[in-house]
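Colleague: Could you walk me through this one? I am new to reading structures, so please take it step by step.

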Amino acid sequence: MLEGKAMVEDSDMPVKMQVQAMSLASQALDIFDVVDCKSIAGHIKKEFDERYGSGWQCVVGSNFGCFFTHSKGTFIYFQLETLKFLIFKGASTP
C-alpha cells in the first residue's frame, strides 16, 4: 500500500473517505499497469459507487484538465506515484 506517499492537493471529503480514496488508488496500481489509466479509474469508480452510492466520477492521468460541479464533501484531487487522481460525485441540478 502506498497511501503514505500520496499527496493531497485539494479536497473537501471527510478524512476517512480521503484515506479510502488513496487506499483504492494504491490497490488499483497493484492490480493494473500504471499506463492503464482507464482501468484504474474504472476500478476506483466502481468501488466508490458500491460503498457510497452511485454517481461517482474518477479521472486518472498525468496530464489533464477539467471543470465540474460536485456535491459538497465528495471531492478529492491527489497525486500517487506519477499519476494524478480526481474523484468526485456529480452535483444534481434542481
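Predicted model: local features only at pLDDT ≥ 70, side-chain atom pairs only at ≥ 80, totals over all residues.

Colleague: How many residues lie between E3 and E4 in the hairpin?

Modeller: There are 2 residues between E3 and E4 in this hairpin, and Glu81, which sits in the turn, has a positive phi of about 55 degrees.

Colleague: And which strand does E1 join?

Modeller: Strand E1, residues 7-11, is joined to E3 by 4 bridges, and these two strands run antiparallel. Across that pairing, Asp10 stands opposite Tyr77 in E3.

Colleague: What is the order of the strands in the sheet, then?

Modeller: The order is E1-E3-E4-E2, in an open sheet of 4 strands with antiparallel pairing. E1 and E2 are the edge strands, each pairing on one side only, and from one strand to the next the twist averages 15 degrees.

Colleague: Where do the helices go? Let's start with what H1 lies across.

Modeller: H1 lies across E1, E2, E3 and E4, and it runs at about 40 degrees to E3. H2 also packs on the sheet, where it touches E2 and E4, and its direction makes about 155 degrees with that of E2.

Colleague: Back to E3: which of its residues are on the covered face, and which on the uncovered one?

Modeller: Ile76, Phe78 and Leu80 make up the covered face of E3, whereas Tyr77 and Gln79 are on the uncovered face.

Colleague: Changing topic, how many residues does the largest nonpolar core have?

Modeller: It has 23 residues, and those with the most contacts inside it are Ile40, Ile44, Phe48, Val60, Phe78, Phe85 and Ile87. At least two core residues come from each of helix H1 (15-31), helix H2 (37-52), strand E2 (56-61), strand E3 (76-80) and strand E4 (83-89). H1 gives the most, with 7 residues. As background, nonpolar side chains tend to be buried together in soluble globular proteins.

Colleague: Can we zoom in on Ile44, and which residues does it touch?

Modeller: Leaving aside residues up to four places away in sequence, Ile44 touches Leu24, Ala25, Ala28, Cys58, Phe85 and Ile87. Phe85 and Ile87 are also among the residues with the most contacts inside the core.

Methods: Residues numbered from 1 in each chain as written. Heavy atoms only, no water. Core = buried A, V, L, I, M, F, W, Y, C linked by side-chain atoms within 4.5 Å. Buried < 20%, exposed > 50% of the residue type's maximum accessible area, 1.4 Å probe, protein only. Contact = heavy atoms within 4.5 Å. Pairing = 2+ DSSP bridges. Axes fitted to C-alpha atoms, helices over the stretch in contact; angles between N-to-C directions.
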